[in-house]
Amino acid sequence: MKNNEILVLAEQNYGKIHPVTYELIGKGSELAAKTGGFVSCLLVGPSGIPCEELCYRGASPVYYMEAHCFENADEMLFKENIVSALKDIHPQMVLIGATTFGRSLAPRIAGALNTGLTADCTDLQVDEDGRIIQIRPAFSDNILAHIKTVTDPQMATIRYKEFNEADRDTTRSVDIRKLTPACTVSGIEILSTQELGGVDVTKADVIVAAGRGFKKKEDLVLAEDLAKTLGGVMAASRALVDAGMVSSQIQVGYSGHRVKPKIYIACGISGAPQHLAGMKESGTIIAINSDPSAPIFKVADIGYVGDLYEILPMLTERFRKERTK
Ligand SMILES: Cc1cc2nc3c(=O)[nH]c(=O)nc-3n(C[C@H](O)[C@H](O)[C@H](O)COP(=O)(O)OP(=O)(O)OC[C@H]3O[C@@H](n4cnc5c(N)ncnc54)[C@H](O)[C@@H]3O)c2cc1C
């Protein structure tokens, strides 16, 4: 039987809870206040995760399915176990972070439950019947689609950094329910992001993003150097991903990652709406572009009009000197 439970699928990485989980608990609590329901969390992970933290953020109960095999992000193994748990819990709604792992996991779960899924939502509301309206940009961000799934549970992935994290209150009661895994063996060999040589652009405080203004792959060292000097990471526009110059793991934008670093330096990026969709909430935006009419300057706090091949080495040198002072 269906209940009025809004279940947040907690994401963890080697036992550390991903902050998107706290954002979803916050939004879920807002929705539950309107539906008369409650927010719970399902955490699938290795032993020893301090899951009372999820209760302090407002989730109750927290279902904790723990086993050593959940140390690796194996979508198939997670899917089997999550589907089994959801069949017992029967939540009204399941919220999943639109992280790389969440985006890969959610459609597998929805498929197995034979239910609908709205991907990459930017907002959620409640209609007069207490059903959740899932809102997401559509047609290249030109409209905001309002979607209601007619199947249960309603499922949505929500972009990271879209909502504020739920407040932490250690006086909240702690209700943790241990679940037994349905399956603990997978035939898939998992490589970690580090093993794959990747970086997580969503967690960086400083991002130096490269666009089509870079003529050759080897020239990207200019962006990498500046990123390293500032203690940040390099990201890229889709143009460079499509050109095969960088991995899609570092793509920022509508069909890439949504980022909110303290400093975002866009180098040779025009500022197409699909790129802005992924970075416009950044703290300070610095743009380097040879075309003074490039749209990126409309969202930039600081703009350099000129050739990135001259400006980047100058900036790197200047920051390097500042750091060694
Ligand atoms: C459904 C859909 C989803 C998409 N998703 C994404 C996404 O997630 N992320 C994304 O980025 N794009 C996405 N796009 C593509 C997007 O529309 C743009 O095509 C893309 O962002 C352009 O990348 P760019 O700014 O690097 O290249 P361009 O638009 O070609 O801009 C290059 C810029 O570099 C400047 N330049 C050139 N030489 C120099 C130089 N020597 N020094 C300084 N400046 C220089 C130019 O003046 C220009 O402004 C998507 C498109 C669609 C249709």
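1. Start with what packs on helix 5. The buried residues of helix 5 are covered by elements that include strand 13 (206-210), strand 14 (233-236), strand 15 (263-267) and helix 9. Helix 5 spans residues 221-229, and its buried positions are Leu222, Ala223, Leu226 and Ala227. Viewed down the helix axis, these buried residues fall within an arc of 135°, so they line one face of helix 5. After the helix comes Gly231, which has a positive phi, near 70°. Please keep in mind throughout that this is a predicted model.

2. Overall build. The protein contains nine helices and 17 strands. Its C-alpha atoms fill a box of roughly 65 × 45 × 40 Å along the principal axes. The radius of gyration is 21 Å; a compact globule of 325 residues would have one near 20 Å, so the two agree. Of the 325 residues, 42% count as buried. Now take the contacts with a separation of 6 or more. Residues 24 or more positions apart account for 65% of them.

3. Domains. The chain is divided into domain 1 (5-179) and domain 2 (201-324). Their C-alpha centres lie 31 Å apart. Domain 1 puts six residues into the contact, and domain 2 puts in eight residues. On the domain 1 side, the touching residues are two nonpolar, one polar and three charged.

4. The ligand shell. Which residues come nearest to the ligand? They are Gly211, Gly213, Arg238, Gly253 and Ser270, out of 28 residues around the ligand. By class, the shell has nine nonpolar, 15 polar and four charged residues. Several elements each supply at least two shell residues: helix 6 (238-242), helix 7 (273-279), strand 16 (284-289) and helix 9 (308-324). Helix 7 gives the most, with three residues.

5. Val201. This residue sits in the loop between strand 12 (176-179) and strand 13. Is Val201 buried or exposed? Val201 counts as buried, because it has 24 C-beta neighbours inside 10 Å and the cut-off for burial is 20 or more. Leaving aside residues up to four places away in sequence, Val201 touches Ile207, Val233, Ala235, Ile250, Val252, His257 and Val259.

6. Asn13 lies in strand 2 (residues 12-13). Asn13 has 15 C-beta neighbours inside 10 Å, so it counts as partly exposed. Asn13 and Gly45 are 32 residues apart in sequence, and their C-alpha atoms are 8.3 Å apart in space. Tyr14 lies in the loop between strand 2 and strand 3 (16-17). Tyr14 is exposed, because it has 11 other C-beta atoms within 10 Å. The backbone at Tyr14 is worth checking. Its phi is positive, about 50°, although Tyr14 is not a glycine.

7. His90. Here is another residue with a backbone angle to inspect. His90 is not a glycine, yet its phi is positive, about 55°. His90 lies in the loop between helix 3 (75-89) and strand 6 (93-97). With 13 C-beta neighbours inside 10 Å, His90 counts as partly exposed. For context, most residues other than glycine have a negative phi, and most peptide bonds are trans.

8. Cis peptide bonds. Where does Pro61 lie? Pro61 is in the loop between helix 2 (52-56) and strand 5 (62-66). The peptide bond from Ser60 to Pro61 is cis, with omega near 5°. A cis peptide bond also joins Asp152 and Pro153, where omega is about -5°. Pro153 lies in the loop between strand 10 (143-147) and strand 11 (154-158).

Technical notes:
Residues numbered from 1 in each chain as written. Predicted model: local features only at pLDDT ≥ 70, side-chain atom pairs only at ≥ 80, totals over all residues. Domains from an automatic or database assignment. Contact = placed C-beta atoms within 7 Å. Nonpolar A, V, L, I, M, F, W, Y, C, P; charged D, E, K, R; others polar. Near = placed C-beta within 6 Å. Helix = DSSP H or I, 4+ residues; strand = E, 2+ residues; numbered from the N terminus. Rg over C-alpha atoms; globule rule 2.2 N^0.38 Å. Buried ≥ 20, exposed ≤ 12 C-beta atoms within 10 Å, placed from the backbone. Arc of directions from axis to C-beta.
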